[in-house]
Amino acid sequence: MSALVKGLIIGISIAAPVGPIGLLCIRKTLNQGRMHGFISGMGAATADAGYGLIAALGLSVVAQFLKDQALWLNMVGAAFLLYLAYTTARAPLSVQEKLQHSGQGYLKTYGTTLFLTLTNPLTILSFGAIFSGLNVSEKSETSLWLVLGVFMGSAIWWILLCQIVGMAKKMITLSALKWINYGSALILAGFGLLSLYDFGYQLLRP
């Protein structure tokens with residue numbers, strides 16, 4: 001249980017900082033409702049748990065492969081961020097909570113953040129450092145409880161965020177929502193361009 005609580009804290013700590021994933025979750029909640037926002041966050045939580053599981057099980061071959069391909073995966077993630085910036089700027093607007101959703105729409109929402117998080121393989125280094133700092137042995141039962149806790153903590157954060165944003169949406173006008181979308185698109189494009197710059201720097205440096 002102690003490992004589970006530690007995992008919860010780690011999961012919330014990893015999910016809470018506002019970055020591209022948090023921004024996408026907020027935008028999905030504002031444009032498509034709280035359920036889409038939550039499912040968006042769950043895609044990131046799944047990827048985090050997957051990387052945590054790799055670190056917990058000591059799958060060094062997989063971890064080394066991800067680190068070796070980090071540069072190119074970063075480039076793919078950067079291009080995907082720019083695509084998301086474009087679609088965000090053109091997204092249809094609504095101040096009404098959508099009551100009906102399709103399974104395909106949920107799957108697309110989930111897959112978007114899952115893919116974006118997976119293209120940041122350096123996350124596995126964070127989990128490796130965390131597990132090492134907590135003195136957790138590879139392939140131990142404790143490490144698996146930590147991974148479960150990370151997933152649950154991340155999920156709790158996305159639920160809270162979506163509920164807060166969903167309640168705040170009632171006070172947002174359609175005009176304000178339009179400018180929020182434009183601002184989100186600009187920030188996502190900034191993240192993407194920064195990643196592309198890093199990719200170019202890493203590729204061309206002597």
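Trainee: What is the chain like over residues 71–89, helix or strand?

Mentor: In this predicted model, residues 71–89 are 100% helix and 0% strand, with the end C-alpha atoms 27 Å apart; helices here are DSSP runs of H or I with at least four residues, and strands are runs of E with at least two, numbered from the N terminus. Residues are numbered from 1 along each chain as its sequence is written, and side-chain values use heavy atoms, leaving out hydrogens and water.

Trainee: Okay, and what does UniProt call residues 71–89?

Mentor: The unreviewed UniProt entry annotates them as "transmembrane region", a label that also covers other spans, including residues 179–197; UniProt positions follow the numbering used here, feature names are shortened, and annotations may be inferred rather than shown by experiment.

Trainee: Switching to Ser-195, which residues does it touch?

Mentor: Ser-195, which lies in helix H9 (residues 174–204), touches Asn-74, Ala-78 and Leu-81, not counting residues up to four places away in sequence, where contact means heavy atoms within 4.5 Å.

Trainee: Is Ser-195 buried or exposed, then?

Mentor: Ser-195 counts as buried because its relative accessibility is 17%, and buried means under 20% relative accessible area, exposed over 50%, and partly exposed in between (1.4 Å probe, protein chains only).

Methods
This is a predicted model: local features need pLDDT of at least 70, side-chain atom pairs count only at pLDDT 80 or more; totals for chains, interfaces and linings use all residues.
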